[in-house]
Amino acid sequence: MNSDNFNLSEKIVSPSYIRQGSQARRGHEQLIRQLLEQGKCPEEGWSESTVELFLSELAVMDSNNFLGNCGVGEREGRVASSLVARRHYRLIHGIGRSGDIAAIQPKAAGSSLLNKLTNSVVLDVLKLAGVRSVASCFVVPMATGMSLTLCFLTLRHRRPKARYIIWPRIDQKSCFKSMITAGFEPVVVENVLEGDELRTDLEAVERKIEELGAENILCVHSTTSCFAPRVPDRLEELSSLCSKHDIPHIVNNAYGVQSSKCMHLIQQGARVGRIDAFVQSLDKNFMVPVGGAIIAGFDESFIQEISKMYPGRASASPSLDVLITLLTLGVCGYKKYLSERKMFTDFTMLLSLPAMSLDGLQANSDKAVTQLGSMLFTRQVSGARVIPLGKEQTVSGHTFRGFMSHSESYPCPYLNAASAVGITREDVTVCIKRLDKCLKTLKKEGSATDHTEQIINDVHQAQITHVSSKTNTHC
């Protein structure tokens with residue numbers, strides 16, 4: 001209510017009570033005012049009542065919620081189900097206009113404000129997470145693969161003769177298909193084995209640039225976030241190569257926002273060389289439903305160019321989800337999740353890497369290896385990956401040997417799991433216990449060699465380390 005309505009209320013209810021209610025209302029409004037003034041993620045998270053008040057204020061600014069509105073067009077925010085309307089807080093118009101996903105929608109001042117604020121808050125969080133010099137970003141209602149495709153299609157206008165994208169291999173289908181869908185030919189560069197780790201073959205990348213000709217290459221498509229034993233690409237060196245040869249550089253940072261290492265690599269890559277855009281998933285980094293991503297970069301004009309490539313209006317759901325989440329968590333809440341995620345990396349350090357060798361299972365057959373994966377899944381351990389040797393997979397006409405291991409000839413089968421944001425101590429403890437039982441069952445059935453005893457000992461050691469560790473919960 002405004003001040004006039006509060007004054008009128010004092011004639012109905014005791015003025016002292018009304019003034020108390022008015023002061024409480026001003027507390028909510030003060031938080032909203034700070035958000036509008038600063039465009040940053042609040043230090044402390046908001047209560048649900050503040051978030052809902054804010055969203056309600058935005059919704060009444062959209063034409064479909066005007067009292068007495070007469071909509072005679074084909075797109076007037078009509079919704080048949082009241083349940084659907086409530087699910088979206090009556091913010092029905094979406095974001096953007098036909099020519100630009102970032103444009104203001106005249107019928108929807110509230111939804112447009114939501115979109116602008118979300119992009120501003122997310123930009124602030126990317127800086128807090130480690131990429132301090134990022135200049136611009138926007139939330140796009142597509143997952144990471146299609147968002148990468150949008151980046152490649154935008155580069156097509158800048159480099160119309162280019163046919164190829166140089167891609168250090170990572171065995172994940174959507175990032176490979178993103179290049180095919182955009183109409184380009186991926187040039188797969190195999191990784192090199194250094195100890196147990198798979199790393200970027202920089203010499204092979206440079207040879208491909210010289211062989212194909214820089215003018216025929218759309219970009220280098222690198223990766224930060226990945227599963228061991230593949231480690232993040234050598235972003236600083238790749239960025240320097242791209243700068244040297246004047247080739248764009250797009251980074252797949254799918255679940256890298258939660259990793260200080262990945263964000264540091266992006267910051268350093270932009271400092272010493274060239275990174276045109278980096279793309280990250282909303283669900284993996286911010287614990288919201290699947291369906292959105294953030295496209296960010298260091299040149300505001302190029303990021304705006306990408307946003308203008310998106311055809312038509314877009315769903316506001318991903319923007320709404322991530323804004324609600326970040327306002328609820330605040331900087332302190334999100335940092336706490338990041339700190340807890342970092343603490344749980346002891347789970348992924350069962351051996352010397354965040355992956356566990358399965359050499360102790362039957363060396364002459366993949367049966368025990370694949371059986372372990374099935375046993376974990378049926379015991380409701382989701383997300384763990386069991387990688388056998390020599391698996392082949394054809395993706396969009398290209399055959400990958402040793403698929404899922406990021407290498408044609410990785411020396412051993414292995415199991416890995418991610419310490420992802422939102423993982424809990426209970427998740428880790430239960431997973432280790434169930435893995436222990438599965439390995440003991442395989443050994444009892446004779447499906448594993450005596451070397452399995454070492455694997456079991458490693459699991460027990462990880463359990464001991466995990467139980468003795470402590471979490472810092474301070475902001």
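The following exercises, with worked solutions, concern a predicted model.

**Exercise 1.** State which residues are in contact with Leu 126, leaving aside its neighbours within four places in sequence.

*Solution.* Contact requires heavy atoms within 4.5 Å. With those neighbours left aside, the partners of Leu 126 are Val 131, Val 134, Cys 137, Val 257, Met 263, Gln 280, Ile 294 and Ala 296.

**Exercise 2.** Describe the lining of the second largest pocket.

*Solution.* Step 1: this pocket holds about 260 Å³ of space. Step 2: its lining consists of 15 residues, and Ala 102, Lys 116, Asn 119, Ser 136 and Cys 137 lie nearest the centre. Step 3: five lining residues are nonpolar, six are polar and four are charged. Step 4: at least two lining residues come from each of helix 5 (109-128), strand 1 (136-140) and helix 12 (300-309).

**Exercise 3.** Is each face of strand 2 covered or uncovered?

*Solution.* Step 1: in a regular strand, side chains alternate between the two faces of the sheet. Step 2: Tyr 164, Ile 166 and Pro 168 lie on one side of strand 2, with Ile 165 and Trp 167 on the other. Step 3: all of these residues are buried, so both faces are covered. Step 4: strand 2 runs parallel to strand 3 (residues 185-189), joined by five bridges; Tyr 164 has Glu 185 as its bridge partner.

Definitions and conventions
Residues are numbered from 1 along each chain as its sequence is written. This is a predicted model: local features need pLDDT of at least 70, side-chain atom pairs count only at pLDDT 80 or more; totals for chains, interfaces and linings use all residues. Side-chain values use heavy atoms; hydrogens and water are left out. On a 1 Å grid over the protein atoms alone, a cavity is a set of points where a 1.4 Å probe fits but cannot get out, and a pocket is an open set with protein on both sides within 12 Å along at least five of seven lines; lining residues have an atom within 4 Å of a point. Grid points are joined across faces, edges and corners, and a volume is the space filled by probe spheres set on the points. Helices (H or I, at least four residues) and strands (E, at least two) are DSSP runs, numbered from the N terminus. Ala, Val, Leu, Ile, Met, Phe, Trp, Tyr, Cys and Pro count as nonpolar, Asp, Glu, Lys and Arg as charged, and the others, Gly among them, as polar. Buried means under 20% relative accessible area, exposed over 50%, partly exposed in between (1.4 Å probe, protein chains only). Two strands pair if DSSP finds at least two bridges between them.
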